[in-house]
Amino acid sequence: MNALPVAKTTRPGNAQTGKNVQRVAAVIPAKDEAERIAATVRSARAIPHVDLVLVVDDGSEDETQHVARAAGAVVVRHSHNRGKAAAMETGAAVVAMRDADGRPPRLLMFIDGDLGDTAVNTAPLVRPVREGVADLAIALLPKQAGAGGRGIVVGAARRAIEAMTGWSPSQPLSGMRCLTREAFEAATPLARGWGVETGMTIDLLRKGYVAVEVPCDLKHRASTNDLKGQIHRAAQYRDVLLAVNARKMRGAVDAVRHAGSNVRS
């Protein structure tokens, strides 16, 4: 029987029981999600161990912030659209400010704003992170009805992650992720645009953190095969390549520095 992996992040335990008492913050970056955000928030509040649902309204032009607040979320707002990575960083910073002194930092659960009632099905991501099996748990989604992509961007991200870390994820672009605060901080600054997930995975695995993929029955708006969908996938491909190339360059610079230090010593 294969042993389970052991996460890099040390898990806090209750002094009397030894059990992990960590809570979870659900962070929902959202832009113009007024139609779905209420259902997403209500569903996220039902995830076990979640005691804070935070919506980061990233410059919406609709009523996203007001609908989210009415549904029970804490809401912070960017005055203009700054992108998903910035929204994730803002969310993590606000969660840190709301963590209570003397208690372990909350785990961070990132959830897309368009999941609606299925957001609660991200719950299986919490267990491997809370129990010290992984530092990062990534949702594996079922095939989405109406999806028009051909897997080109996914394939490019998968091959890059495998080449740079040795791990080949099934769904490298999945945005539903639960991770420790330590792991999140180790992955910052996050890659911009649609490269955020690929960049995060590469950065964490290269630093020795453990990632797992967990099946979750989630449904969100799929990218179609019309012109809008093709433009979206082109932007994804561009951002994934930018994230990967930045990490290749960083790796080359680190290798040169390491070689130089060895010569001097």
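Student: Why is Gln-65 called buried?

Tutor: Its relative accessibility is 17%. Buried means under 20%. So Gln-65 counts as buried. Keep in mind that this is a predicted model.

Student: Where is Gln-65 found, and what does Gln-65 touch?

Tutor: Gln-65 is found in helix 2, residues 64-70. Leaving out residues up to four places away in sequence, Gln-65 touches Asp-57, Val-75 and Arg-77.

Student: What makes Ile-152 exposed?

Tutor: The relative accessible area of Ile-152 is 56%. Exposed means over 50%. Therefore Ile-152 is exposed. Ile-152 lies in helix 5, residues 152-165. With Tyr-237 and Leu-241, Ile-152 makes a nonpolar surface patch of about 270 Å².

Student: How do you know that helix 1 is largely enclosed?

Tutor: Seven of its eight residues are buried, so helix 1 is largely enclosed by the rest of the structure. The buried residues are Ile-37, Ala-38, Ala-39, Thr-40, Val-41, Ser-43 and Ala-44. They pack against strand 1, strand 2 and helix 2.

Student: What makes strand 1 mostly covered?

Tutor: Seven of the seven residues of strand 1 are buried. Both faces are covered. On one side sit Val-24, Ala-26, Ile-28 and Ala-30. On the other sit Ala-25, Val-27 and Pro-29.

Student: How do you know that strand 1 pairs with strand 2?

Tutor: Pairing needs at least two bridges. Seven bridges join strand 1 to strand 2. Therefore the two strands count as a pair. They run parallel. Val-24, for one, has Val-50 as its bridge partner in strand 2.

Student: Which residues touch the most other members of the largest nonpolar core?

Tutor: They are Ile-28, Val-41, Val-53, Val-55, Ile-111 and Leu-125. This core has 35 residues. Among the elements that each supply at least two of its residues are strand 1, helix 1, strand 2 and helix 4. Apart from it lies another core, of 26 residues, including Leu-54, Ala-92, Ala-186 and Leu-204.

Student: What does Leu-125 touch?

Tutor: Not counting residues up to four places away in sequence, its contacts include Met-109, Ile-138, Met-176, Val-214 and Cys-216.

Student: Why is Val-196 called buried?

Tutor: Its relative accessible area is 2%. The limit is under 20%. So Val-196 is buried. Val-196 lies in helix 7, residues 196-206. Beyond its neighbours within four places in sequence, Val-196 is in contact with Lys-84, Ala-85, Met-88, Leu-190 and Ala-191. Ala-85 is 111 residues away along the chain, yet the C-alpha atoms of Val-196 and Ala-85 are separated by 6.1 Å.

Student: What makes Glu-197 and Lys-84 a salt bridge?

Tutor: Their closest N and O atoms are 2.7 Å apart. The cut-off is within 4 Å. Therefore the pair counts as a salt bridge. Glu-197 lies in helix 7 and Lys-84 in helix 3, so the pair ties together parts that are 113 residues apart in sequence.

Student: Are these two residues buried or partly exposed?

Tutor: Glu-197 has a relative accessible area of 6%, so Glu-197 is buried. Lys-84 has 21%. Buried means under 20%, and partly exposed begins after that and ends before exposed, which is over 50%. So Lys-84 is partly exposed.

Student: Why does the pair of Arg-247 and Asp-203 tie together parts that are 44 residues apart in sequence?

Tutor: The side chains of Arg-247 and Asp-203 meet in a salt bridge, 2.9 Å from N to O. Arg-247 lies in helix 8 and Asp-203 in helix 7, so the pair ties those parts together. Arg-247 is buried, at 3% relative accessible area. Asp-203 is buried too, at 5%.

Student: How do you know that Asp-217 and Lys-219 form a salt bridge?

Tutor: Their closest N and O atoms are 3.6 Å apart. That falls within 4 Å, so the pair qualifies. Asp-217 has 45% relative accessibility, so Asp-217 counts as partly exposed. Lys-219, at 49%, counts as partly exposed.

Student: How many salt bridges does the structure hold?

Tutor: The structure holds 14. Arg-23, Asp-51, Asp-99, Arg-106 and Arg-181 are linked in a network of salt bridges.

Note on methods. Residues numbered from 1 in each chain as written. Predicted model: local features only at pLDDT ≥ 70, side-chain atom pairs only at ≥ 80, totals over all residues. Heavy atoms only, no water. Patch = residues over 30% accessible without salt bridge, like charges linked within 9 Å, V, L, I, M, F, W, Y side chains within 5 Å. Areas by Shrake-Rupley, 256 points an atom, 1.4 Å probe, with all protein chains shown as cover. Helix = DSSP H or I, 4+ residues; strand = E, 2+ residues; numbered from the N terminus. Buried < 20%, exposed > 50% of the residue type's maximum accessible area, 1.4 Å probe, protein only. Core = buried A, V, L, I, M, F, W, Y, C linked by side-chain atoms within 4.5 Å. Contact = heavy atoms within 4.5 Å.
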